[in-house]
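Hi,

Here is the structure I promised to pass on.

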Amino acid sequence: MADIIALLPDHVANQIAAGEVVQRPASVVKELLENAIDAQATSITLVVKDAGKTLVQVTDNGIGMSVTDARLCFERHATSKIKLADDLFNLHTKGFRGEALASIAAIAHVTLKTKREEDEIGITITIEGSQVTSQEPSVVPKGTTISVKNLFYNIPARRNFLKSNPVETRHIIDEFHRVALAHPQIEFLMTHNGSDVFNLPSGNSKQRIVNIFGNKTKEKLVPVSEDTEIVKVSGFVLKPEFGKKSRGEQFFFVNNRYIKSAYLHHAVSAAFEGLLKQGTHPGYFLFLEVAPKSIDINIHPTKTEIKFDDEHSIYAMLRATVKHSLGQFSVAPVLDFNKDSDFDTPYAYSKKQPSIPKIEVDSNFNPFQEERSPKQANISFPFKREKQPQWESLYVGLKDDASISSLDASEKESGTHDAIEFESDQITGSLFSSSQEDNAHITFQLQNKYVVSPIKNGMLIIHQHLAHYRVLYEELLKNITVQEGVSQQLLFPLQLDFSKPDLVLLESVKEALEHTGFVFGTTEEDTLQIKGLPVSLTESKAGQTLEKLVKDIKEEVPDAGFSQNDLLAKSMAKSMAIKTGTVLSKEAREHLVHRLFACKEPSVSPDNLPVLVTIDTNDLDKKFM
Ligand code: ADP
Ligand code: MG
């Protein structure tokens, strides 16, 4: 029998290796940007087309390559960064495996243009599926441009596996952020489909953060700095009140390389303990410097995970340092004499902890049970609150010195519950007083912001915007998932202008939008035509609702179907909901109350803010004693 083992041809081996290095366009972005940094560039431009599916191009003004190196760099294990195995333990560069360009060249159409300072003339090489197709001298400036076109053109399965353009773009932007944050002294420019996305001048770390995340970030940053024998920490954490619901702005850099570390994240979270609102996560931009010898970055092919020799000490150090910074920030606020003192909190209140009213309600209880159609009652939403507290808890925890207070606060003052007694009919009965005639329909509006109504044991105060937000959110989510949104046809179709990337993004959620009641006409150039709208959306609000949606998707970009629907429903509901300041007629107020209590979760807004509070007559009584 003949021998059966054969060495794989290089291009096949490269394609297999490519699977490890290149998962998506963002991987190409990362590798090319890192090469440019290793080449000592001071200015780097990233050009992306169609979320990187058509083109990823990086231009740098770094050291460039000789003609021989330009040929060699596409070979596997071709690297200028290590020569001996020992070098592995003393790395100061991003790359060292010599795999990236070989992998990329195996699965895309690649053009390399490069010139060194000392050379008269540069070179252009094109390579497709690991085969060099042309090589010629060319007049190019000092530095290197690598264009990667039609990624995965020869592996259709991988290409089909790529996510929608908004999702892939988000991944690219994430990589870009990571590299740009780690190298604030380098100037970066990024364009997508011809428009500027980021233009980041050279600066310091704080300026870079602000340039990327916006001017408002400046006030949110608390500096962190500590220097010990094993690690040097610098950077910023976000003030606890700016904690995010989603884990967005969390960056660790070790020796200027972005890394993911659940362990270090835990250390920072521990430092924030007790300072964050429930359900929010800390934000941070932390730079750790350690001796290259004391880490192993080689444990993961894409090199975002890392192993420290002295993990425990680093954990303890990081936690203590962040805690210290947060402490300094809260006990010693910076005196700012330019500040308008009118906005300052009166002295008596300045020491008080703001308490967020928290009302816990039995989410299954529905005072309008009889009125609900069986169809409505059957709708089950794919979410549930963790706790299922009882409706009666609405009446618990109203402190005597405040009309609205949090349950947490009252629980600390044990004993206050005891005074309040419940009778079973009060719990299961109708919310409104039994003498329906006089009370049930009395609602009035307070400061064009709250809808107030008497209830059995006191008074109910509903935040009109949050209530409507809740109502519309459940309605939209139902329409998207059950696909039965009702549409109002427009006499004259709306023409809305959007940028190309935004249109692409809207296209990706078109189906869900149609389920809510949108009817789209043909899209031309930059104009979206709308022929029908969801019934609860007015023509005048359509544009801003879609704009807000685009913005929200850009900021969140969820991968999974459910969270995408959830985001869509939240975003649209928020834009569509009646605003504070809107005058509501008697009918509108009643309608709102009824719709609210037909909701699954009437007591909290989709963003987890309380929608309603109650004031107990007992507490009122105490005020008159
Ligand atoms: P690695 O970065 O791990 O060495 P790569 O495949 O990414 O491997 O790159 C191979 C080699 O090509 C690098 O070691 C470097 O010498 C050269 N190279 C790649 N990109 C550039 C660039 N932008 N400027 C100069 N040289 C580069
Ligand atoms: Mg590299």
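First, a word on naming: helices (H or I, at least four residues) and strands (E, at least two) are DSSP runs, numbered from the N terminus. This is a predicted model, so local features need pLDDT of at least 70 and side-chain atom pairs count only at pLDDT 80 or more, while totals for chains, interfaces and linings use all residues. Residues are numbered from 1 along each chain as its sequence is written, chains are lettered from A and ligands numbered from 1 in the order in which they are written, and side-chain values use heavy atoms, with hydrogens and water left out.

**Pocket and cavities**

Rolling a probe the size of a water molecule over the atoms shows where empty space is left. On a 1 Å grid over the protein atoms alone, a cavity is a set of points where a 1.4 Å probe fits but cannot get out, and a pocket is an open set with protein on both sides within 12 Å along at least five of seven lines; lining residues have an atom within 4 Å of a point. Grid points are joined across faces, edges and corners, and a volume is the space filled by probe spheres set on the points.

The second largest pocket has about 740 Å³ of volume. It is lined by 35 residues, and N35, M65, C73, S80 and K81 are the closest to its centre. Helix 2 supplies the largest share of that lining, with five residues. Other elements giving at least two residues include strand 2 (55-60), helix 3 (67-72), helix 4 (100-106) and strand 6 (143-149). By class, the lining has 16 nonpolar, ten polar and nine charged residues (Ala, Val, Leu, Ile, Met, Phe, Trp, Tyr, Cys and Pro count as nonpolar, Asp, Glu, Lys and Arg as charged, and the others, Gly among them, as polar).

As for cavities, the whole structure has three of 30 Å³ or more. Of its 13 lining residues, E34, R178, V179, R257 and Y258 lie nearest the centre. Two or more residues each come from helix 2 (25-38), helix 6 (165-182) and strand 12 (257-259), and helix 6 gives the most, with four.

**Helix pairs**

How do helix 2 and helix 6 run, parallel or antiparallel to each other? Their axes come within 8 Å and cross at roughly 20 degrees (axes are lines fitted to C-alpha atoms, for helices over the stretch in contact, and angles run from 0 to 180 degrees between N-to-C directions). The two are therefore roughly parallel (angles under 35 degrees count as roughly parallel, over 145 as roughly antiparallel, 65 to 115 as roughly perpendicular and the rest as oblique). P25, A26, V29, K30, L33 and I37 of helix 2 make the contact with E168, H171, I172, E175, F176 and V179 of helix 6, where contact means heavy atoms within 4.5 Å. Eight of the contact residues are nonpolar, one is polar and three are charged.

Helix 6 also meets helix 7 (residues 205-213), with axes within 9 Å and a crossing of roughly 155 degrees, so this pair is roughly antiparallel. H177, A180 and L181 in helix 6 touch R208, I209, I212 and F213 in helix 7.

Finally, helix 15 (residues 464-483) and helix 20 (residues 586-597) have axes that come within 9 Å and cross at roughly 50 degrees, so they are oblique to each other.

Cheers
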